[in-house]
Amino acid sequence: MATTQETQKTETPAAAEAETATLDVFRYIPEEDDKPHTETYEIETFEGMTVLDALIKIRDEQDPSLTVRHSCRMARCGSDALYINGTQRLACNTQVSELKQPIDVEPLPRFDVIRDLVVEMSEFYNRMESVEPWFQPDHEPETGDEYLQSPENRKNIDTVLDCIWCAACTSSCSPAASDSDFPGPAALAKAYRFYKDEREGEETRRRRLEMLENSHGIYRCHTQFNCTEVCPKNISPTEAIMEMSRDAIKEKLRFWR
Amino acid sequence: MSTKKSNTAGWNWFLQRATGVALVVLLGFHFAVEHFIVGAHHITAENTVERITYGVIEGDHVLGQISINMPAFLYQATAILLLAFSIYHGMYGVYNILMEQDGLKKYRAQLKYFFIVFSIVLFIQGILIFLAFFEPFWEIYDPR
Amino acid sequence: MSKERRVESYDRGRIEDLGRAKDWAIHKPGMWAFYLHRFTGLVLSFYLVMHLGVLGTGFWLGHEEYTVILQGLESLYIVRVLEIGLFAAFVFHALNGIRIVMFDMTVGLDIQEQLFYLSIALSFAIVLAGVPFFLL
């Protein structure tokens, strides 16, 4: 191990030295500030440092008042979605070395700020709730006590199931920002997860489609693809929404036949 | 998100797409006739009458001397469809932009009626323009 | 965003909804397609209203006045240049509209960026080919 480290040192002397990173962090403490401001921090980086590591380091070593929401630190809990260098990303999933400096760190746009990098999420949870993201079968299970899903049917929802409710997509979506009645990409991707689940039965599927079809539902998607671009889990809410609106229209045209 | 059933949203949305696709052809044809064959600065009341009443498209522009004899009803159909579709597509588009704004939430009902009335007014104006260059009508109506 | 809040929070205002100038530079193609589609759509809708207003002279004033007004407008160089803009707006809106209808049929969602670039390139080609018709 020591020899490899030494050879690396001689090959790239600059990289071996302690590198620094500059972060412009959005600060707002309601008890102290009338208005948000930006504070600049300089920190030493290490190999593989994520933006969340950097923020924790700032909090530990420079400014204990810096507030950031985080939990699992491995892109699973979805609590640290931030606006980093103009894009919604998970701070724990973004390498400092990949970013242009100074690194601009802000709370998710279009959400209200509680303190520093922490945003008010209840509005987002209301949107998620509006699509009724829970299992609603319209019949008793065919065999035994459990509703069994076929592997083929499960494949449809493989990607959308990965959603970690981080709100990065909803923050990036301009129709969701200007229209509070629009559930937004995350909620519609969640709706797609249940829409595609054949265990719920045909009746529930129709009811779900009708519910999503109202004038502030799926038709408000303008295929900006922002949600697809920012999703840390590579879900494409745009694709899910387009598939549902296509099905809804197909259903309507069927009356003619 | 309200669970109130409003299935018109789907139909309106579908019509927006259908008229959009039709407009690619209709408006393309309109540009081809008025700008590419006739040339906008050669347009007069006389050749407009020729087109609308008789379906005769005549022009001497960049492409040279061109004369196309269309069945009159076909040209008239494209003109009326272009009018109706462009008003629907344009007004429903603008209406939707306004519907998406939380700030205008209070005025949603009023905006809806405004756009319906405004679209009808535009359509009537368009029909009157059509009639102005439709000779059988204009011969009777012409104020002079 | 919402007026109902559980805790005190700071609303950064409308600028967040629209996007700030420095963020515009890093917008992705899909977002530019949306902005351009909306802008050209508004231009075309506005023109439609104006167009019906101007042509209305044919009915309300009479045929001679109609010819005089149209030829008068067309003699202005600025009108001709703006007409190229109108044509460009139509061509892009039409091509991008086809792109959107493809998405609605869940076709080409994976190649949306390339489709946007294609619609831009085709728009440029068509508009350039159309320029002589407007200026000569």
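**View 1. Tyr83(A) stands opposite Gln88(A) of strand 4 in chain A.** Here we're looking at a predicted model, where local features need pLDDT of at least 70, side-chain atom pairs count only at pLDDT 80 or more, and totals for chains, interfaces and linings use all residues. Residues are numbered from 1 along each chain as its sequence is written, chains are lettered from A and ligands numbered from 1 in the order in which they are written, and side-chain values use heavy atoms, leaving out hydrogens and water. Strand 3 (residues 81–84) of chain A pairs with strand 4 of chain A in the antiparallel sense, over four bridges. Two strands count as a pair if DSSP finds at least two bridges between them. In the hairpin of these strands, two residues sit between them, and Asn85(A) takes a positive phi near 45°.

**View 2. Five strands of chain A make an open sheet.** Their order is 2-1-5-3-4, with mixed pairing. Strand 2 (37–44) and strand 4 (87–90) of chain A are at the edges with a single partner strand each, so one side of each has no neighbour in the sheet. From one strand to the next, the twist averages 35°. Strands (E, at least two residues) and helices (H or I, at least four) are DSSP runs, numbered from the N terminus.

**View 3. Arg127(A) is a buried residue in helix 4 (residues 122–130) of chain A.** Its relative accessible area is 4%; buried means under 20%, exposed over 50%, and partly exposed in between (1.4 Å probe, protein chains only). So what does the side chain of Arg127(A) make a polar contact with? One partner is the side chain of Glu123(A), at 3.0 Å. A polar atom of the Arg127(A) side chain also lies 2.8 Å from the backbone oxygen of Ala176(A). A polar contact is a pair of N or O atoms within 3.5 Å; within protein, one must be able to donate a hydrogen and the other to accept it, and residues adjacent in sequence count only if both atoms are side-chain atoms.

**View 4. Ile69(C) is found in helix 5 of chain C.** Ile69(C) is partly exposed, with a relative accessible area of 30%.

Notes: Axes are lines fitted to C-alpha atoms, for helices over the stretch in contact, and angles run from 0 to 180 degrees between N-to-C directions.
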